[in-house]
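Please look at the model below with its sequence to hand.

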There are 2 protein chains.
Amino acid sequence: MAFEKVKREDNYSEWYNNIVENADLAEHSAVKGCMVIKPHGYAIWEKMQQQLDKMFKETGHSNAYFPLFVPKSLFEKEEKNAEGFAKECAIVTHYRLIPDPNRKGGLIPDPDSKLTEELVVRPTSEAIIWNTFKNWIQSYRDLPILINQWANVVRWEMRTRLFLRTAEFLWQEGHTAHATKEEAIIETEQMLDVYAEFSEEFMAIPVIKGKKTANERFAGADETYCIEGMMQDGKALQMGTSHFLGQNFAKAFDVKFQNKEGKLDFVWATSWGVSTRLMGALIMVHSDDEGLVIPPKLAHIQVVCIPIYKSMEEFELVNSKLKEVSIELKKKGIFVKIDDRDSYKPGYKFAEWEQKGIPVRLALGPRDLANNSIEVARRDLKTKEIVDLSKLSDHILNLLVDIQDNLYQKALKYRNDKYFLVSNWEEFLDVINIKKGFAIAHWDGTSETEETIKNMTKATIRCIPLKDEYGETGNCVFSGKPSTQRVVFAKSY
Amino acid sequence: MAFEKVKREDNYSEWYNNIVENADLAEHSAVKGCMVIKPHGYAIWEKMQQQLDKMFKETGHSNAYFPLFVPKSLFEKEEKNAEGFAKECAIVTHYRLIPDPNRKGGLIPDPDSKLTEELVVRPTSEAIIWNTFKNWIQSYRDLPILINQWANVVRWEMRTRLFLRTAEFLWQEGHTAHATKEEAIIETEQMLDVYAEFSEEFMAIPVIKGKKTANERFAGADETYCIEGMMQDGKALQMGTSHFLGQNFAKAFDVKFQNKEGKLDFVWATSWGVSTRLMGALIMVHSDDEGLVIPPKLAHIQVVCIPIYKSMEEFELVNSKLKEVSIELKKKGIFVKIDDRDSYKPGYKFAEWEQKGIPVRLALGPRDLANNSIEVARRDLKTKEIVDLSKLSDHILNLLVDIQDNLYQKALKYRNDKYFLVSNWEEFLDVINIKKGFAIAHWDGTSETEETIKNMTKATIRCIPLKDEYGETGNCVFSGKPSTQRVVFAKSY
């Protein structure tokens, strides 16, 4: 374990990499652009999955599984979608290896195993799923179809960063089919709300809900909704998207249904997804110079217990009390781990679990035992207190709620402090370049202005907020032309 | 929904396909050899996953995630493993598509995106994982490493069958690293026990635990342990394997550790896995001519409630009572669904849920309501009874236990009835060809005899049982040479 630490202020990007490494979350693999998600990182992702899966099921969705590969001819069918992903696809061309005649022990693709049609490793699954839905849908009675899939996808990336941008990543993708446009839009918005609720209540990250501009839409969507969070460098991270796909995929794959009136119509579609990128958001929003900070609701270990002892006799006494404590806490539904490794000293353990972001640390020594008390340290504020053992479980339950709330409030305050209403170009540049935050500005609605601003400042329109708190009309911060609504500009990941 | 039914006796293979289709479990996709797992099938797989995952965690394992792709140079390193899987690998050679100059809207792999080193889509992950373990292991203090991964893998298959043999399948693969040979063998055997317990207690399928012969071992293993179940055609299905890998992968990837005495030694390894193939076993062991039968412990819907009514007024009354019933059952931890679709008649619903294998069906009509009773039908025995509503939840709890047990006992009896001790070649042929079961026979221990028997009869040695119930020595059923132990011969999937 590396204990060398980079400060957030000194080098934000190095600080991020440092935390991912020191907290044992993930690492680069031998495959360019692909990561290994290590047990501590994967356990947090599993907590996210469990909660999201519950929310998807509560809103009526079922899980299913579709193939990893998309035949090229299907991939091509929805043209915009194909164009959007063609530049970054892994392509399977052969299905067998044979010994390399020129290299002992070496293997080469067997030329005789060349596929007549190449297979694309799914970058997203609309094509293969809508080709399947075609056979599932005849009448309005077959609708809606509400499906979700947990899967890996591949988008070939040249410049990768652990969790934030990797060639292979894990995600869920919802795919739904509806009889009416209205119903599909309601679904799109519902799932955006699910993502926002998950982000705020479980990840403790406040988000802005909005729509993407035409430039930033998902390839093949009529409308892309998103949630945007603010990281601790003032940049935005797109944390989830929900797409209203109109009838684009139904038309590309000829998926029609007979409506109640007996007429044939194309089916309406949505798709929506979040990925292991959320791990990047979690790390960047809550961590500090000591390491990761996990919100209690997503911690697979909420409380770590460390015995303090000199002799083996002391160890036995202290450890047996910790076991009692742990059983009591587990009964209350708290996830507890006792770190009773004898091969490491308490100081080392304190540092390790601090880096790993465990919300609460308990330390118990012989003197505490004599006093019937225990030391309770919270990771977020780094404060310690002595708590009576008889009151421990209620204390911890309250503490976990308090930490979760504190993390959210802290993130909200940070976001609000860097969230500026700007009214002219000078203020815009000041926010983007000096204050480094979100510039809430009027925009004339043209792609030209959006592109020009992006080229000049690297700031993009993160979203057109759904909740227009500044309902007044105004003038574009750049062109001066009329504008009906403010939008959110920021640099982003 | 197709209601046409094939009888098990008439055509076993068609009967299987028919159940997979009618129960809405899975279907073939547009990608040769790859399947779509439909919601009802996936929900059963999820129940399996949850239980297995719990058992893996209880035995100290953590989940992690490793890349989908294996660089060819790593794939080659463990020679036997590479040789074993080279013939059935999907190979990625390009990472970009560009417009096809000869076909409007068409795409072709960009020749400029050809990879300098091909990537193999993982058929199994030993290579990529041991290449990673190399960096995780320096000293005995880093051991053991106990990892599991839930993932998709690809093994190119020409002759595929839904769940049983598909080019892409879902599985879990455990990979562990140990300081001593003894510890690794204990782990290998422990995980075999976990699989056997899962199969018998949750899938209600009795299994034989054993070791594979050298011919049938996993490519790269020193020893392969397996569990073998018997299907309703008397054939064997390998349901799970646990491999003692010796130091083969440690040597191939140069993974050494410093032991307590300060000496360097190669690390000892195991790997173990079960896959969506278990769905095939579940279907083949318990289904009947009416369709699927799900053991209650793996049913995501254990009880389906169907309202019987003529008028909307009756519907309201009956349905509101069913809601009460459902809440009461849910409180007891039972998974309940009310099928209140007005677009289908009760008879249709009965048939649908019967095909889908739901363990218990409740039907409630106005007359039942007047009598404060309800009709309870069990899927396994197809019996019905009238139960007092006040005693329903206890009745159902007992019933679910009884169904689970009955399915196991039935499968055990079937297996035992087709499990024959044979003492000469004539009896052997009779069991394999006429009685169609398992032949428990003496074998001389040579690959030659094993191969000859396979070529003559299609029967293979499924395993050398761990529990040698027939401890006597004897003479090989084929060659007459001395034999120390009986082994299990059968035709297999």
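Which residue of β5(B) does A:His94 stand opposite? The model is a predicted one, and in this model A:His94 stands opposite B:Ile91. The two residues belong to a pairing between the chains: strand β5 of chain A, residues 91-94, is joined by three bridges to strand β5 of chain B, also residues 91-94. These two strands run antiparallel.

The contact between the chains can also be counted by residue. On one side are 55 residues of chain A, and on the other 56 residues of chain B. The chain A side that touches chain B consists of 33 nonpolar, 11 polar and 11 charged residues.

Now turn to a sheet within chain A. Five strands form an open sheet in the order β18-β17-β19-β20-β21, and the pairing is mixed. At the edges are β18 (336-338) and β21 (384-388) of chain A, each of which pairs on one side only. On average, neighbouring strands of the sheet are turned by 25° against each other, direction ignored.

Strand β17 of chain A, residues 303-307, runs parallel to β18(A), and three bridges join the two. Within this pair, A:Val303 stands opposite A:Val336 of β18(A).

Helix α10 of chain A, residues 346-355, lies across β17 and β19 of chain A and runs at about 170° to β17(A).

Technical notes
Residues numbered from 1 in each chain as written. Chains lettered and ligands numbered in written order. Predicted model: local features only at pLDDT ≥ 70, side-chain atom pairs only at ≥ 80, totals over all residues. Pairing = 2+ DSSP bridges. Helix = DSSP H or I, 4+ residues; strand = E, 2+ residues; numbered from the N terminus. Axes fitted to C-alpha atoms, helices over the stretch in contact; angles between N-to-C directions. Contact = placed C-beta atoms within 7 Å. Nonpolar A, V, L, I, M, F, W, Y, C, P; charged D, E, K, R; others polar.
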